Amino acid sequence: MARRFILDCDPGQDDAVAILLALGSPELALEAVTIVAGNVGVDRGVSNALKILELAGSAVPVYRGAPRSLCRDYSLGDRFHGTDGLMGLALPEPTRQAEPESAVPFLARTLSAAEPGSIDLACVGPLTNLALLLIQYPEATRGIGRVAIMGGAIGLGNVTPAAEFNIHADALAADVVFRSGLDLTLVPLDLTHQALATEARIAALRATGKPTAHAVAELLARYPKLEKFNFAGGPLHDPCAVAALIWPDLVSGRKVHVEIDTTSGPGHGRTLVHWWAKTNGPAANALVLDRIDADQFYRHLTARV
Ligand code: BDR
Ligand code: CA
């Protein structure tokens, strides 16, 4: 039976692919997409989510969330996703708008009315919306099941040597989330850097002949390859968090303790992962994944979008 599911994101090219993967997956019943400022401003994120949903013929509602981070006025600029967030992919302007209710009150209302542990979340942007929910509506969080987070790194970061973008963009929010006791699965760069959009994988998406798969191929073809890492294709981060929920057999990792560096120095936003846990160390608070079967992931993704 499909699990109830809400996707919190900042679209963003890979966020857009995560939306399409969730929509195409019978394991998840996508009830809403909530938007947070991150790759682009929150209004642009709303518009991009609506464009992608309309491309797929979906009427899933979109809720506008936090317009800025708890701890910094962060803007990634257009380094990775272009000023429009979709690297210039031409899609018709959406005919719908965001719902009138804001994302955090929507989440509180929906989760409060749900069976305990019955709604899974994937958070693939800065964690501002989830942190605000935890702070403002702690009683609502009993409705949450699993939370898959794309963010952080066991090793090196991508926006600083220490930090990955989503966590760096709102380290205070991440700190609130990692102290919350929620059932967290962290999908860090160490895993997503295995899920590379190679030319062969992009060609397989194009070969399906489906308009949505074609759009995914276009998004992936525009994704920066990050030559500095000598990658064979752009790393497809956010869909890996959705994959962790629907195909747990494709991923592996360890239950460990994760803490967030909220200091203002060069370590700001680092996920300190206690990979080599000591028996008397802090208790595990997250399943941290470090491996994915990338070939199988792309085969499944291609079939679903
Ligand atoms: C994360 O940052 C964003 O640019 C991507 O959408 C992804 O969520 C990767 O560091
Ligand atoms: Ca994202």
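Contact is taken here to mean heavy atoms within 4.5 Å. The structure is a predicted model, in which local features need pLDDT of at least 70 and side-chain atom pairs count only at pLDDT 80 or more, while totals for chains, interfaces and linings use all residues. Residues are numbered from 1 along each chain as its sequence is written, chains are lettered from A and ligands numbered from 1 in the order in which they are written, and side-chain values use heavy atoms, with hydrogens and water left out.

A nonpolar core is a set of buried Ala, Val, Leu, Ile, Met, Phe, Trp, Tyr and Cys residues joined through side-chain atoms within 4.5 Å; buried means under 20% relative accessible area, exposed over 50%, and partly exposed in between, with a 1.4 Å probe and protein chains only. The largest such core has 61 residues, and the members that touch the most others are F5, L7, V33, L220, V242 and F297. For V242, the contacts beyond four places in sequence are F5, L7, A18, L21, A22 and L28. A second, separate core holds 38 residues, among them I119, A140, I144 and L184. In soluble globular proteins, nonpolar side chains tend to be buried together.

F297 leads on to helix α11 (residues 294–304), where A294, F297, Y298, L301 and T302 are buried. Viewed down the axis of α11, these buried residues fall within an arc of 130 degrees, so they line one face of the helix; the arc is that of the directions from the helix axis to the C-beta atoms. Helices (H or I, at least four residues) and strands (E, at least two) are DSSP runs, numbered from the N terminus. An α-helix has 3.6 residues a turn, so residues three or four places apart point the same way. R299 and A303, on the other side of α11, are exposed. The cover over the buried residues of α11 includes α1 (13–23), β7 (196–197), α8 (199–207), α9 (211–221), α10 (239–246) and β12 (286–292).

C9 belongs to strand β1 and counts as buried, at 0% relative accessibility. Leaving out residues up to four places away in sequence, C9 touches D15, I19, V33, T34, I35, V36, V124 and G125. V42, in helix α2, is buried with a relative accessible area of 4%. Beyond its neighbours within four places in sequence, V42 is in contact with I35, V36, A37, R64, G65, A66 and P67. T185 is part of strand β6 (residues 183–187) and is buried at 11% relative accessibility. With neighbours within four places again set aside, T185 is in contact with V147, A148, I149, A244, L287 and L289.

Charged pairs come next. A salt bridge is a side-chain nitrogen of Lys or Arg within 4 Å of a carboxyl oxygen of Asp or Glu, and the whole structure contains 12 of them. R4 pairs with E31, with 2.5 Å between the closest N and O atoms. This pair links distant parts of the chain, R4 in strand β1 (residues 3–9) and E31 in strand β2 (residues 28–35), 27 residues apart. R4 is partly exposed at 30% relative accessible area, and E31 is partly exposed at 25%. In the salt bridge between R64 and D43, the closest N and O atoms are 2.6 Å apart. Here R64 lies in strand β3 (residues 62–64) and D43 in helix α2 (residues 42–55), 21 residues apart. R64 counts as partly exposed, at 33% relative accessibility. The side chains of R96 and E54 also meet in a salt bridge, at 4.0 Å from N to O. R96 lies in the loop between β3 and α3 (103–113) and E54 in helix α2, so this pair ties together parts that are 42 residues apart in sequence. Elsewhere, R3, D120 and R146 are linked in a network of salt bridges.

L172 sits in helix α6 (residues 171–178) and counts as partly exposed, at 37% relative accessibility.
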